[in-house]
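Please consider the structure shown below, together with its sequence.

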Amino acid sequence: MSTVTKKPVSMPDAFVILFFVMMLAAIASHLVPAGSFTLTEPAPVAEGAAKLKGKIDPNSFTFATETQQGVPLFAEGGGIGFFNYAFEGLVSGNKWGSAIGVVAFILLTGGAFGIIMKTGAIHNGILALIAKTQSMQFLFIPLMFGLFSLGGAVFGMGEEAIAFCIVLLPLMLALGYDAITTVLVTYVATQIGFATSWMNPFNVAIAQGIAEIPLLSGSDLRIVMWAVFTLFGVIFTMRYAAKVKANPELSLSFSTDQKLRAQQSADAKNSYSPLDSIILLAFFAGLLWIIWGVTTRQYYIPEIASQFFTIGIVIAVIAVLGKRLSMNEAADGFKHGAAELLPAALIVGMAKGIVLLLGGDNPESPSVLNTLLYYSGQALGDLPAFLSAWLMLIIQSVINFFVASGSGQAALTMPLIAPLADLVGLSRQIAVLAFQLGDGLTNCIIPTSAALIGCLGVVRLDWTVWFRFVWKLQLWLFALASAFMLLAVAIGYQ
């Protein structure tokens with residue numbers, strides 16, 4: 001009698017999940033009427049804050065006068081249809097952000113690091129570093145987590161974490177940790193800082209300007225909140241890292257980590273040599289150039305991607321002159337590095353298609369997203385203060401799935417949420433707090449975040465695997481956020 005072997009149940013691939021989300025968005029475009037707002041005068045902004053075109057008038061919402069068609073199955077002439085979402089999502093936006101700018105950033109940066117890893121210099125350098133710093137390793141995770149969290153709090157670090165994931169992954173693997181720990185220490189840390197910041201120009205300053213409250217006010221509670229969230233993140237990460245180091249097979253990324261470890265060993269050409277020192281000096285000089293550009297010249301995606309490409313070319317020249325690589329091997333390294341990040345780049349573009357199917361995130365253009373936002377805000381009108389504050393947090397968390405941009409979400413939601421806070425007896429400072437927590441913390445889990453998908457891509461971690469790990473952390477972060485929202489109501493936070 002033959003027995004049938006059942007295949008183990010596995011999570012659907014991220015592309016499969018995105019496809020079904022696209023179906024829901026397309027159906028919603030036929031069922032939910034589109035609406036739009038009008039913009040009033042530009043909102044005041046703090047020095048260094050991102051500038052907005054204008055402020056939404058919360059009383060200006062109107063439904064589209066034209067008969068709503070909903071998105072077709074296929075659109076001609078460059079229109080938005082269901083089966084157009086992949087292409088239109090990939091080419092949407094501009095070089096400064098999602099999707100096309102982030103897609104190009106991921107591919108170019110991945111290619112550059114493919115060359116760098118091909119030289120074997122990073123692997124050789126890490127082994128030499130570990131041998132000399134055995135007694136200091138316990139400080140590595142809390143120090144890195146704290147620095148990245150501070151970067152998120154001070155200047156809105158997010159997409160920059162993609163590059164640091166590439167840099168730190170080999171070190172993390174060599175120390176006995178895994179890809180998940182790498183993302184926790186870099187990207188998750190930046191988003192905890194981003195969500196709890198007291199001075200971030202890309203969310204707090206903009207939201208306070210739109211809400212018409214003093215810019216960068218209420219910093220006392222936010223600094224305490226940042227310290228509490230960062231401490232929690234450090235403890236959570238250190239406990240997880242210790243568990244994985246003691247038993248690597250417990251890691252959900254164990255199989256891919258093992259492949260990367262084997263690849264690093266294969267790429268290591270020799271024991272540490274003077275050529276490795278030259279390559280690493282060029283690499284770290286390039287990183288200092290990037291840091292200088294970001295902090296003093298306000299470099300962003302176009303410049304940073306080009307800087308990494310330049311670093312890759314310089315290191316390729318050094319490796320070829322030093323007879324570590326041939327020119328063809330350097331080219332192969334670039335192609336291999338870019339190819340490994342291609343799935344992440346595709347997901348970034350396709351995820352943007354969700355917003356396009358809902359009509360886009362422009363408040364002045366009729367869209368289903370504007371309608372959903374308007375009615376979500378109206379639902380808060382008659383609820384108790386504590387419940388209204390908590391629901392503000394939930395609404396902002398949900399909206400961030402569709403508008404994964406701090407400044408964009410502030411422009412879209414704060415003109416509606418701030419007046420509603422007045423109606424239910426809450427301060428507008430509390431409305432801003434709900435925005436920044438809902439906007440920042442959900443960036444750790446939503447597949448529409450280009451920065452998250454980019455970080456997962458460079459450490460070879462599928463979003464579905466990440467979701468299986470991070471959902472518990474997300475619940476803890478949401479619980480902490482809820483506690484601070486209730487505390488803010490209780491103390492009359494201003």
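How many residues does helix α13 have, and what distance does it reach from its first C-alpha to its last? In this predicted model, α13 runs over residues 327-340, which gives 14 residues, and it reaches 20 Å between its end C-alpha atoms. That value is close to the 20 Å expected at 1.5 Å a residue. The buried residues of this helix are Ala330, Gly333, Gly337 and Ala338. They lie on the same side of α13, because the arc they cover around the axis is only 120°. Their packing partners are three helices, namely α3 (100-118), α12 (301-321) and α14 (342-357). On the face turned away from this buried side, α13 carries the exposed residues Asn328 and Lys335.

As for burial, 14 of the 14 residues of α18 are buried, so the helix is largely enclosed by the rest of the structure. Gln429 belongs to this helix, which covers residues 428-441. With a relative accessibility of 3%, Gln429 counts as buried. Leaving aside residues up to four places away in sequence, Gln429 is in contact with Gln208, Ile213, Ser217, Gly218, Arg222, Tyr493 and Gln494.

The aromatic rings come next. A pair of aromatic rings is described by the distance of the centres and the angle of the planes. With ring centres required to lie within 6.5 Å, the count comes to 20 aromatic pairs. One of them joins Trp292 and Tyr299: the ring centres are 6.1 Å apart and the planes stand at 85°, so this pair is edge-to-face. Trp292 counts as partly exposed at 42% relative accessibility, and Tyr299 is likewise partly exposed at 22%. Trp466 and Phe469 form a tilted pair, with 5.7 Å from centre to centre and 45° between the planes. These two residues are three residues apart in helix α20 (residues 463-490), and are therefore separated by about one helical turn. Trp466 is buried at 0% relative accessibility, and Phe469 is buried with a relative accessible area of 11%. Ring pairs also link both residues into a cluster with Phe232, Phe236, Tyr240 and Trp476.

Which residues touch the most other members of the largest nonpolar core? Of its 137 residues, these are Leu184, Phe229, Phe283, Phe308, Met414, Leu437 and Trp466. Helix α20 supplies the largest share of this core, with twelve residues. Apart from it lies another core, of five residues, which include Ala316, Ala319, Leu325 and Ala330. Ala330 is also one of the buried residues of α13.

The cysteines remain to be considered. How many disulfides does the structure hold? The number is zero. For Cys165, the closest cysteine sulfur is that of Cys455, at 3.7 Å. A disulfide would require the sulfur atoms to be within 2.5 Å, so this separation is too far for a bond. Cys165 is buried at 0% relative accessibility, and Cys444 is buried with a relative accessible area of 0%.

How values were computed: Residues numbered from 1 in each chain as written. Predicted model: local features only at pLDDT ≥ 70, side-chain atom pairs only at ≥ 80, totals over all residues. Heavy atoms only, no water. Helix = DSSP H or I, 4+ residues; strand = E, 2+ residues; numbered from the N terminus. Expected span 1.5 Å × (residues − 1). Buried < 20%, exposed > 50% of the residue type's maximum accessible area, 1.4 Å probe, protein only. Arc of directions from axis to C-beta. Contact = heavy atoms within 4.5 Å. Phe/Tyr/Trp six-rings, centres within 6.5 Å; stacked < 30°, edge-to-face > 60°. Core = buried A, V, L, I, M, F, W, Y, C linked by side-chain atoms within 4.5 Å.
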